[in-house]
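Q: I would like to learn how to read the local features of a model. Please go through them one at a time.

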Amino acid sequence: MTTTTPLTQDELKTLVGQAALQYVVPGEIVGVGTGSTVNKFIDALAGMKDQIKGAVSSSVASTERLKALGIAVFDANEVPSLSVYIDGADEIDGQGYMVKGGGAALTREKIVAALAERFVCIADESKLVKALGQFPLPVEVIPMAANHIARRFAAMGGQASLRLKDGQPLVTDNGQHILDVKGLSITDPLAFESEINQWPGVVTVGVFAHQKASVCLLGTAQGVKTITY
Ligand code: 5RP
C-alpha cells in the first residue's frame with residue numbers, strides 16, 4: 001500500500017506562486033503584492049525576468065526581494081495601468097472578496113491593485129472562507145485617530161487592537177499604524193468597505209471588495225484549483 005504525505009502549507013504556497021506565472025504577460029510590467037505566498041511568486045518570477053520589463057511593488061519588503069533577484073522595480077506613478085496584479089490574501093470568499101493586510105501592506109496593495117485590469121489571488125486553501133471576518137480585520141490608520149476609530153468599531157461590536165512590533169506600535173511603509181479588529185460581521189463587503197473608508201483617520205480598510213480578485217489560484221491537496229469570479 002502506498003501512502004502520500006499531504007503537502008505542507010509552504011508547499012501549497014510554492015505551487016500557487018509558480019502557477020501564477022501563466023498570468024504574467026511577456027514584455028509588460030507586472031503588479032506584485034506582499035507576503036509569504038507572494039515571495040514564492042517572486043522567486044518563480046526570477047526565472048522569467050528577461051521576458052518582462054519589471055514590476056510595480058506593493059511594499060518595501062517585496063521591492064527588496066525583487067531587486068535582489070535582478071527584477072527592475074518601477075514607481076507606481078510611472079505606470080498608467082497594469083494587465084495583472086498578483087497577490088495573496090488572509091481570507092477570500094466565494095465571490096472573490098478578500099481580507100488583506102496581515103503583512104501590513106494593505107494600502108500599497110490596494111493602490112497597485114487599482115492600477116490593474118486583473119487581480120490574481122494566490123492562496124492556500126486555508127484562506128478560503130464562506131464569509132469574511134474570522135481573520136482580524138487590518139485597518140491602516142493615522143496614529144492620532146486610532147482610539148477614536150477603535151471606539152467606532154466597538155460601537156459595531158468589534159474589538160480593535162493596535163498592532164505591535166517589538167513592543168512598539170508597528171509603523172507601516174507609509175508611516176502609519178494598524179488596528180486589527182476582531183468580532184466583526186462583514187455581510188456586505190462592498191458596503192462595509194465604502195463605509196469604513198469614510199471614517200476620518202482611516203487610511204485603508206483591509207476589505208478588498210471594490211478591488212476584488214478576478215481569479216483565485218487555490219492550493220489544495222488535489223493541486224492548484226483555478227476559481228474565476
Ligand atoms: C499583506 C497581505 C498578504 O497578502 C496576506 O497577509 C497573506 O499573506 P501570506 O501569503 O503570508 O499568507 O495582505 O499585507
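A: Start with a position in a loop: Ala 104 sits between strand E6 (98-99) and H4. Helices (H or I, at least four residues) and strands (E, at least two) are DSSP runs, numbered from the N terminus. This is a predicted model, in which local features need pLDDT of at least 70, side-chain atom pairs count only at pLDDT 80 or more, and totals for chains, interfaces and linings use all residues. Residues are numbered from 1 along each chain as its sequence is written, and side-chain values use heavy atoms, with hydrogens and water left out.

Q: Is Ala 104 buried or exposed?
A: Buried means under 20% relative accessible area, exposed over 50%, and partly exposed in between (1.4 Å probe, protein chains only). Ala 104 has 13% relative accessibility and therefore counts as buried. Its phi is near 70°, a positive value in a residue other than glycine.

Q: Which residue does UniProt list for "active site"?
A: The unreviewed entry lists Glu 109. UniProt positions are given in the numbering used here, feature names are shortened, and annotations may be inferred rather than shown by experiment. In the model, Glu 109 is in helix H4 (residues 106-115), and its 3% relative accessibility makes it buried. Not counting residues up to four places away in sequence, Glu 109 touches Thr 34, Ser 58, Tyr 85, Asp 87, Lys 100, Gly 101 and Phe 208.

Q: How many salt bridges does a search of the whole structure find?
A: Side chains of opposite charge can pair when their charged atoms come close. The criterion is a side-chain nitrogen of Lys or Arg within 4 Å of a carboxyl oxygen of Asp or Glu. The search finds six. One of them joins Glu 109 to Lys 100, with the closest N and O atoms 3.1 Å apart. Another joins the side chains of Lys 100 and Asp 87 (2.8 Å, N to O). Lys 100 lies in the loop between E6 and H4 and Asp 87 in strand E4 (residues 82-87), so this pair ties together parts that are 13 residues apart in sequence. Lys 100 and Asp 87 are buried, and Asp 87, Lys 100 and Glu 109 are linked in a network of salt bridges.

Q: Where do Glu 193 and Lys 110 lie?
A: Their side chains meet in a salt bridge (2.6 Å, N to O). The pair links distant parts of the chain, with Glu 193 in helix H6 (residues 189-197) and Lys 110 in helix H4, 83 residues apart. Both Glu 193 and Lys 110 are buried.

How values were computed
Contact = heavy atoms within 4.5 Å.
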